[in-house]
Amino acid sequence: MKNNKNIIVEKTANLLENNFYTKGGVYETPMLYSPALSNLCSGNVYLKCENLQTTGSFKIRGASSALLNLPQELKNTGVLTASSGNHGAGTAAAAKALGIPVTIYVPAKISNKKEKKISQLGATLIKVDGSADYAETVALADAKETGATYISPYNHEDIIAGQGTIGLEILAQTPSVDAVIASVGGGGLISGIGSNIKAHKPDTQIIGAFPENAPVMKVCMEAEEIIEVTESDTLSDGTAGGIEEGSITLALCMAVIDSTETVTEYEIAEAMKLIKENHAMIIEGAAGVAVATLIKNKQTYKNKNVCVVLCGSNVTDETFNSAMAMVK
């Protein structure tokens with residue numbers, strides 16, 4: 001099974017040489033030292049705050065990368081994608097910054113908050129009856145019919161390379177980092193981070209964090225192929241959902257992830273609460289998964305320098321309050 005680590009690393013480097021941070025609305029996010037988590041682990045814990053990124057999520061990095069690398073004629077014809085949340089908002093924001101027409105296919109049951117956010121960024125929304133996975137199927141079919149370019153949330157080298165800029169920032173901000181923990185859905189985030197960190201500091205441990213209710217990529221890695229995995233509802237909706245057949249992220253995840261961990265819904269909620277109480281930040285469930293993984297394995301990180309990626313902050317008040325009610 002071939003992985004494209006070297007291609008991802010090269011594409012990430014090319015982004016930095018081509019004014020990535022000034023063109024598509026992306027900026028370098030802060031790295032915050034966490035006294036509470038450091039004391040808990042008897043080590044040094046740093047939070048990579050993608051929750052403070054444009055649109056409240058890392059997704060704009062990959063979207064900007066993919067759009068910047070489109071040939072001009074394809075920029076003119078516009079792009080399509082499917083998402084009920086972070087990828088849709090990220091693509092809409094990047095497209096607006098670059099002047100590219102974009103249409104986002106969303107489930108009909110999209111929350112009003114998410115719908116408003118994506119619409120305010122200038123995207124055209126098409127509502128599809130059914131799940132987010134089905135919206136993706138419809139978007140792919142329409143892209144083939146219209147000639148527009150479909151931008152996958154994760155199964156795309158340029159998307160992964162854009163997320164890889166987080167890895168380079170981590171190395172610049174905490175050069176002595178021993179381990180990086182990131183949540184895993186389709187695998188684009190950890191593939192990009194892991195490929196770039198392993199290229200420059202190969203001994204750094206890359207830990208994949210999964211909700212126990214939806215460990216899709218973990219199960220596929222164990223099977224060494226993309227298979228259908230039964231899921232339950234999870235606070236980590238940003239990492240939920242099946243993986244596209246033939247996705248390049250499977251081989252990349254198998255190449256860069258050193259270990260995996262699953263966490264319960266209660267552990268995710270506890271992690272979200274800890275970040276709110278100690279850092280005055282609201283994080284979404286997917287970010288809570290990474291924090292919960294650190295807490296669950298705290299003995300492992302004694303005297304280590306650990307970076308936890310807070311991948312996003314886009315959570316509804318209802319969902320966040322429900323999580324807090326779990327851990328009262």
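This is a predicted model: local features need pLDDT of at least 70, side-chain atom pairs count only at pLDDT 80 or more; totals for chains, interfaces and linings use all residues.

User: Why are α11 and α12 called roughly perpendicular to each other?

Analyst: Helix α11 (residues 216-223) and helix α12 (residues 249-256) pack at an angle of about 80 degrees. Angles of 65 to 115 degrees count as roughly perpendicular, and therefore α11 and α12 get that description. Their axes are 10 Å apart.

User: Which residues of α11 and α12 meet, and what makes the contact nonpolar or charged?

Analyst: From α11 come Met 217, Cys 220 and Met 221, and from α12 come Thr 249, Leu 250, Cys 253 and Met 254. The contact divides into 6 nonpolar residues, 1 polar and no charged. Met, Leu and Cys count as nonpolar, while Thr 249 in α12 belongs to a residue type that counts as polar.

User: How do you know whether Ser 183 is buried or exposed?

Analyst: Ser 183, in strand β7 (residues 179-183), has 5% relative accessibility. Buried means under 20%, so Ser 183 counts as buried. Leaving aside neighbours within four places in sequence, Ser 183 is in contact with Leu 189, Ala 209, Thr 239, Ala 286, Val 289, Ala 290 and Cys 311.

User: Why is Asn 297 called buried?

Analyst: Asn 297 has a relative accessible area of 19%, and the label applies under 20%, so Asn 297 is buried. Asn 297 lies in the loop between α14 and β10 (305-310). A polar atom of its side chain is 2.9 Å from the backbone oxygen of Thr 293.

User: What about Ile 110: buried or exposed?

Analyst: Ile 110 has 8% relative accessibility, against a cut-off of under 20%, so Ile 110 counts as buried. Ile 110 is in the loop between β4 (102-107) and α7 (112-120). Not counting residues up to four places away in sequence, Ile 110 touches Ser 84, Glu 115, Ile 118 and Lys 127.

User: Which residues touch the most other members of the largest nonpolar core?

Analyst: Of its 64 residues, these are Ile 170, Val 180, Ile 181, Leu 294, Val 308 and Leu 310. Helix α14 (residues 285-296) gives the largest share of this core, 7 residues. A second, separate core has 26 residues, including Leu 15, Phe 20, Ala 63 and Leu 67.

User: What sets the phi of Ser 42 and of Ala 280 apart?

Analyst: Most residues other than glycine have a negative phi. Ser 42 is not a glycine, yet its phi is positive, about 55 degrees. Ala 280 also has a positive phi of about 55 degrees and is not a glycine.

User: How are Ser 42 and Ala 280 classed by accessibility?

Analyst: Ser 42, in the loop between α3 (35-41) and β2 (44-49), has a relative accessible area of 43%. That value is between the 20% and 50% cut-offs, so Ser 42 is partly exposed. Ala 280, in the loop between α13 (265-279) and α14, has 72% relative accessibility. Exposed means over 50%, so Ala 280 counts as exposed.

How values were computed: Residues are numbered from 1 along each chain as its sequence is written. Side-chain values use heavy atoms; hydrogens and water are left out. Axes are lines fitted to C-alpha atoms, for helices over the stretch in contact, and angles run from 0 to 180 degrees between N-to-C directions. Helices (H or I, at least four residues) and strands (E, at least two) are DSSP runs, numbered from the N terminus. Angles under 35 degrees count as roughly parallel, over 145 as roughly antiparallel, 65 to 115 as roughly perpendicular and the rest as oblique. Contact means heavy atoms within 4.5 Å. Buried means under 20% relative accessible area, exposed over 50%, partly exposed in between (1.4 Å probe, protein chains only). A nonpolar core is a set of buried Ala, Val, Leu, Ile, Met, Phe, Trp, Tyr and Cys residues joined through side-chain atoms within 4.5 Å. A polar contact is a pair of N or O atoms within 3.5 Å; within protein, one must be able to donate a hydrogen and the other to accept it, and residues adjacent in sequence count only if both atoms are side-chain atoms.
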